[in-house]
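Come along and keep the structure on screen while I go through my entries.

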Amino acid sequence: QGDLVLIGEGADRTIIDGGGVDGIFFVPSNVTAQIQDVTLRNGRSPGAGGAIRNNGDLTLVRTLLTGNSSVAGTAGTGQGGAIVSSGLGSSLTITDSTIANNTAQGSGGGIAAGADVSLTNVTVAGNRSTAALGGGLYFFSDIHGTLTNVTVAGNTAAVKGGGILVETALFIGVLPRVSNSIIASNTAPIGPDCAGGLESSYNLVGNGADLPGPAAANHDKVGTSASPLDAKLGSLAGNGGSTPTLALLAGSPAIDAGNPASPDSGAGTCEATDQRGIRRPGGAVCDLGAVETTAACVAGGNTLCLSNGRFKVTANWQISNGSGAATAVTLTGDSGYFWFFDPGNVEVTVKVLNGCGINSRYWVFAAGLTNVRVDLTVTDTQTGQVKTYTNPLNRTYRTITDTDAFATCP
């Protein structure tokens with residue numbers, strides 16, 4: 001056994017698929033492993049850690065873990081749908097990554113972890129503990145944890161701690177330190193968002209029932225069972241960068257609600273960049289969670305940024321039995337394409353040109369090699385003007401040559 005460094009070409013391009021047969025990686029004690037710019041999916045462990053079981057020192061960077069599962073078996077009770085990290089001297093560090101739509105029969109639908117844990121600019125969404133605790137994150141009582149600019153939303157636990165469950169034991173461990181984060185819209189019969197306690201500052205907690213720690217005195221925003229606080233999050237999507245995120249919608253109470261000190265200037269302050277690599281703050285003060293709001297277009301995932309980054313272009317596809325967001329690939333500063341089902345198949349090409357010197361317009365051109373329904377949306381990020389071009393289902397894609405698209409020239 002030896003140390004490991006695994007570097008992919010981006011989570012949207014390098015995919016390791018477990019095929020639902022077994023776990024994907026095991027990191028033994030006294031081994032250091034770093035995994036970055038990959039997707040780990042469809043791992044299945046009969047015991048612990050659907051994708052990864054870590055007993056050593058594990059670092060994940062710009063990585064997506066999705067569709068992994070852990071069920072009860074001879075090796076354990078099915079903890080950690082995506083990751084189990086435990087053992088004397090073990091550590092888990094995750095940055096700029098997404099843990100989404102993983103399932104554990106035991107505790108920790110996304111991650112079950114003890115010892116040293118650090119999550120920075122991480123999205124934890126749509127994970128489930130089907131028969132136990134901690135839908136998104138389950139922290140053992142020996143945790144020494146730090147969460148900074150983390151978004152934990154849309155996770156579910158069958159018993160307690162829909163978003164996060166923190167074990168508590170007398171004289172063992174300390175509460176995780178959480179700052180500039182969002183824990184909201186999770187579900188469980190007890191402690192729907194979080195249970196067990198946090199050392200908290202500058203956080204948004206949708207429902208603070210059964211959760212000591214977060215309080216207005218700590219600059220936290222905390223809802224109640226009777227009046228939960230809506231973080232106003234978008235759906236999990238490619239909002240730029242190589243991993244999917246939950247963007248803040250207009251009017252979100254998480255906007256400009258972070259620590260007002262300069263980012264990265266000390267403990268409890270915001271990170272200097274968000275999960276996508278966008279600099280904080282985007283406004284007067286940094287936002288809570290993994291994504292910073294910004295008027296600028298951010299390329300990657302499902303988004304093209306064309307005509308010198310001014311125009312945001314996205315596409316959605318629909319067939320008779322399904323639909324989804326297209327994946328974007330940039331070609332030049334003015335052009336790119338989308339694929340739907342297979343990264344090797346180009347479905348729709350798009351170009352946005354500056355025609356201001358000719359007819360005082362920005363032009364949109366598009367062509368397709370498909371007959372599925374396509375909704376192509378082009379947004380001028382400077383003015384907010386939006387145009388959507390629709391190709392109906394079962395019609396060969398008709399070429400778009402719109403030289404009157406945007407009368408938004410300076």
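Predicted model: local features only at pLDDT ≥ 70, side-chain atom pairs only at ≥ 80, totals over all residues.

**Entry 1: the disulfides.** I began with the rule for the bond: a disulfide is a pair of cysteine sulfur atoms within 2.5 Å. Cys 356 lies in helix 1 (residues 356-359) and Cys 409 in the segment after strand 39 (400-406), so the pair ties together parts that are 53 residues apart in sequence.

How many disulfides does the rule give? I got a count of three.

Next I went to Cys 270 and Cys 286, which form a disulfide with sulfur atoms 1.8 Å apart. Both Cys 270 and Cys 286 lie in the loop between strand 29 (245-248) and strand 30 (304-306), so this pair ties together parts that are 16 residues apart in sequence. I checked burial with the cut-off of under 20% relative accessible area. Cys 270 has 0% relative accessibility and so counts as buried. Cys 286, with a relative accessible area of 2%, is buried as well.

Cys 297 and Cys 305 form a disulfide too, with 2.1 Å between their sulfur atoms. The link of Cys 297 and Cys 305 has -85° about the S-S bond and is left-handed. Cys 297 and Cys 305 are both buried.

I then counted the bonded cysteines along the chain and found the pattern 1-2, 3-4, 5-6. Cys 194 is in no disulfide, and the nearest cysteine sulfur, that of Cys 270, is 19 Å away from it. Cys 194 counts as buried, at 0% relative accessibility.

**Entry 2: strand 37.** Is strand 37 (residues 373-380) largely enclosed or largely open? Seven of its eight residues are buried, so I noted strand 37 as largely enclosed by the rest of the structure.

I followed its partners on either hand. Strand 31 (residues 311-319) runs antiparallel to strand 37, and eight bridges join the two. As one point to find on screen, I marked Thr 314, whose bridge partner in strand 37 is Thr 377. Strand 38 (residues 386-391) also runs antiparallel to strand 37, with six bridges between them. Here I marked Leu 376, which stands opposite Tyr 389 in strand 38. Strands 37 and 38 form a hairpin with five residues between them, and Gly 384 in the turn has a positive phi of about 85°.

Arg 373 is partly exposed, with a relative accessible area of 31%. Asp 375 counts as buried, at 17% relative accessibility.

**Entry 3: other salt bridges.** I found eight salt bridges in the structure. One of them joins the side chains of Arg 41 and Asp 17, at 2.8 Å, N to O. Arg 41 lies in strand 5 and Asp 17 in strand 2 (residues 15-17), so the pair ties together parts that are 24 residues apart in sequence. I have Arg 41 down as partly exposed, at 32% relative accessibility. Asp 17 is also partly exposed, at 38%.

Arg 280 forms a salt bridge with Glu 292, and their closest N and O atoms are 3.4 Å apart. Arg 280 is buried, with a relative accessible area of 4%. Glu 292 counts as buried, at 1% relative accessibility.

Entry 4: The largest pocket has a volume of about 860 Å³. It is lined by 32 residues, and those closest to its centre are Asp 12, Leu 64, Asn 302, Thr 327 and Trp 339. Which strand gives the most to the lining of the largest pocket? I found that strand 33 does, with four residues. By class, I noted 16 nonpolar, 13 polar and three charged residues in this lining.

The second largest pocket holds about 550 Å³ of space. Its lining has 26 residues, with Asn 239, Ala 247, Arg 276, Thr 303 and Lys 312 nearest its centre. The elements that give two or more residues to this lining are strand 29, strand 31 and strand 37. Strand 31 gives the most, with four residues.

Technical notes
Residues numbered from 1 in each chain as written. Heavy atoms only, no water. Buried < 20%, exposed > 50% of the residue type's maximum accessible area, 1.4 Å probe, protein only. Pairing = 2+ DSSP bridges. 1 Å grid on protein atoms, 1.4 Å probe; cavity = no way out; pocket = protein on both sides within 12 Å on 5 of 7 lines; lining within 4 Å. Points joined across faces, edges and corners; volume = space filled by probe spheres on them. Nonpolar A, V, L, I, M, F, W, Y, C, P; charged D, E, K, R; others polar. Salt bridge = Lys/Arg side-chain N within 4 Å of Asp/Glu carboxyl O.
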